[in-house]
Amino acid sequence: MTSEVSRKGSPTRPRGEERKTATRQSRKNLLLAGLLAAGVGSAAAFGQASLVRSVDGMLPDVARINTFNRPGTVTILSADGQVLQKLGPATREKVAAGSMPELLRQAFVAAEDRRFYEHDGVDVWGIGRAMVRNIRRGAVEEGGSTITQQLARTVYLSQDRTLVRKLKEAALAGKIERQLSKREILDQYINYVYLGSGAYGVADAAWIYFSKAADQLTLPEAALIAGLPPAPSVYSPLVNEDLALQRRAVVLGRMRQAGFISASEQAEAEATPLRLKPALPKFWNSEAPYFTSWVAQELPKVLTPEQLEVGGLTIRSSLNLAMQTEAQKVINASASGSLEGALVTVEPGTGLVRALVGGKDYNKSQFNRATQALRSPGSTFKLFVYLAALKEGMRPETVLDDTKRCFAGYCPKNFGDRYRGKVPMATALQSSLNVVAVSLLQQVGFDKVIAMAKSLGITRELGRFYPMALGAYEQTVLDMTAAYAAVINRGVFVPPTPFEEISGPDGDLLWSRRLQLDRGRRVVDSDIADAMVWMLQRVVTGGTGGAAAISGRPVAGKTGTSEGARDLWFVGSIPQLTTGIWLGFDNNRKTSSDSGAAAAAWGRYMRVITKDLPVRQFPPKPVLTGSFKANKPAAKKPAAPTASPAPSSEEARPWEQERPETTSSFEPSDIRPEETMPAPTRAPASRPPQPQSRPAPQAVPTPASPPSRPPQPVAPIPAPTPAARPPASQPAPAAAPPPAPAPTAPPPVLAPTAPPPPP
């Protein structure tokens, strides 16, 4: 075979080989082009992903949807997490994740977003369809926002109709679609959307309109609720039944078009009457209204004004709901007729208020008698006198003189006008001997007793007058209970608080007792406090507080009765809990009873709530080794005013008391009633708002300005400040001032006021 030779003499390749070479080159070029395209595509995809991540990074966290609370809402929980009350625009109840009825999902998709399962957060076709429909009808009848956009707007944005807000809404909708499933988005929307009449979410709406749970709704009921979001105030069946029925028919028609229901189901549902069964929103009324009203007043003390304004707060309170329920039962049972009562239970070591009752019926009177009412504490005030005496070096065994006598013109009397001569200090407290208490005040000195009271949380002004020893200066049940709790806490005063912790709108911790814990301040040495507790135990085991005894448990406490038995007190404690109880009339009239009634109520309450508490003992009686030097009273008396009103027959003899009669609800057996104290002249009392038929939910708290008060009337002797009292059905009887002042000149009398109760 001869080979072909080119013109230049070089050999040439066969044509078949040339075709193979061309094919290989073509493939190589295609491969390079493919690789280049893939690189460009990958770079573009990477750039797009980076852009999406960058945009997502600038947007709020989607996880916030799970903990969303609207601004201005306050949720108050008990210590164990039970809901006590929800205030403001709160979703009071949610359908649990994964438990949303399919019927409701179908109804809301048909009514609000027919292409919900097809778009990625923004529905361009839906926007176009809505625009065409609205132009044809000449009104806005259909919106273009998807369910995802509405959820983004509810959780993250305002309702402003601006282009900027719409752009943010679209961006957020895209992020939500990328991070949550369609079912999660739909369920959260149905749980949060406003549905009129105070209903935020389908669970609230089912209850408010039909008194049902969400999973109990029928087809016509679900369609009616699903039709509310475009105009909740217009379509609400509680506002306009005809419009609500028309809107329900529209939703049923859309459900039929979407294939969710048949024609026969549609016809049957459209023929069904409304059958409304309205109910108040859940947690609208508080489970413990006097306590939650106090929580509202205390919030400004632990949060800033900005935090209060934003709202979205969740408060885990100190309240023990079981104790609170029993406390309300005992007050209602112990205060018959128009008699009222108050109770506070405090945990001594922490200051946590476990129960607080401010009256028998919050619906009739929102005046909080536990925190606002200023009442004469009677002989419970002797705590401060005896503590000051122990601190200055006296001992429970110190012998004191119980003989009839006067102190700078003030002549206290023991009950029954009986006197024992020389008695130990512990016996004097056990029997509540008034002369000894006033004598101790003289020996220790006004300043030291007043300082002791203030160190134990008493904030009201105390004048330097001998009736102070017997409770002439009015106090609140909360303050007196906290003071006794400090003694039980071995001399360390911890301010009472209703808060365990407070979380903000995003679930972030704003305040925690564990972190901002006020560990209290030491007021007296532990030995002095233990000696005082030992003496208070004798009051229960063999003195005026016998009705408070609990079998098998140590109890320490003190009774107190004001002039005319207008105020009946017992403040007592076991090692774990301190409880104060007050009984009396709002108009300050006589009760015809004695403090044994309060001690008996205390015993009934504590016996129930301590059933599951371990029995603990108080510290043993300590051996005190101090020595006492008596205070030297000033020799000069202040000059009396030149003009004074003529006293009535009762005012002229304030220390002459009759033995109080016993109410039918309490019959003391071995209890020796204590002598009551003379009450000072009372100035006009501030009054709370008139009772309402049904209280409105408490607003988000802001510091309340105290009401103004008229000037104090001129009296021969400056009197303690008046008590804040609710409206009286009849004038209070006149009370008498002490006949003579203390040796030292008193400070100006202040007139502090109690904050008004929340609406």
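Predicted model: local features only at pLDDT ≥ 70, side-chain atom pairs only at ≥ 80, totals over all residues.

Q: Where does Ser-293 sit, and which backbone oxygen lies 2.8 Å from a polar atom of its side chain?

A: Ser-293 is part of helix α12, residues 289-298. The oxygen belongs to the backbone of Tyr-290, 2.8 Å from a polar atom of the Ser-293 side chain.

Q: How about Arg-405: what is its relative accessible area?

A: Here the 20% and 50% cut-offs matter: between them a residue is called partly exposed. Arg-405 has a relative accessible area of 25%, so it is partly exposed. It lies in the loop between β6 (399-402) and β7 (421-424).

Q: Which polar contacts does the Arg-405 side chain make?

A: The side chain of Arg-405 reaches the backbone oxygen of Asp-401 at 2.8 Å, and a 3.1 Å polar contact links it to the side chain of Ser-439. Leaving out residues up to four places away in sequence, Arg-405 touches Tyr-410, Cys-411, Pro-412, Val-435 and Ser-439. Val-435 is 30 residues from Arg-405 in sequence, yet their C-alpha atoms are 7.7 Å apart.

Q: Now a whole helix. How does the reach of α10 compare with the expected span?

A: Expected span comes from 1.5 Å a residue. Helix α10 (residues 241-257) has 17 residues and reaches 25 Å from first C-alpha to last, close to the expected 24 Å.

Q: What happens at the two ends of α10?

A: At the start, a side-chain oxygen of Asn-240 comes to within 3.2 Å of the backbone nitrogen of Asp-242. After the helix comes Gly-259, with a positive phi near 85 degrees.

Q: Which residues of α10 are buried, and what covers them?

A: The buried ones are Ala-244, Arg-247, Arg-248, Val-251, Leu-252, Gly-253, Arg-254 and Met-255. Their cover includes α2 (102-112), α8 (219-226), α9 (232-235) and α11 (263-270).

Q: Last one: which residues touch the most other members of the largest nonpolar core?

A: Phe-384 and Met-532 do, in a core of 94 residues. Helix α19 (residues 477-488) gives the most to this core, with 10 residues. Not counting residues up to four places away in sequence, the contacts of Phe-384 include Val-449, Met-452, Leu-456 and Met-480. There is also a second, separate core of 50 residues, with Phe-68, Ile-147, Ile-208 and Phe-210 among them.

Terms used: Residues numbered from 1 in each chain as written. Heavy atoms only, no water. Core = buried A, V, L, I, M, F, W, Y, C linked by side-chain atoms within 4.5 Å. Buried < 20%, exposed > 50% of the residue type's maximum accessible area, 1.4 Å probe, protein only. Helix = DSSP H or I, 4+ residues; strand = E, 2+ residues; numbered from the N terminus. Contact = heavy atoms within 4.5 Å. Polar contact = N/O pair within 3.5 Å; in protein donor to acceptor, adjacent residues only side chain to side chain. Expected span 1.5 Å × (residues − 1).
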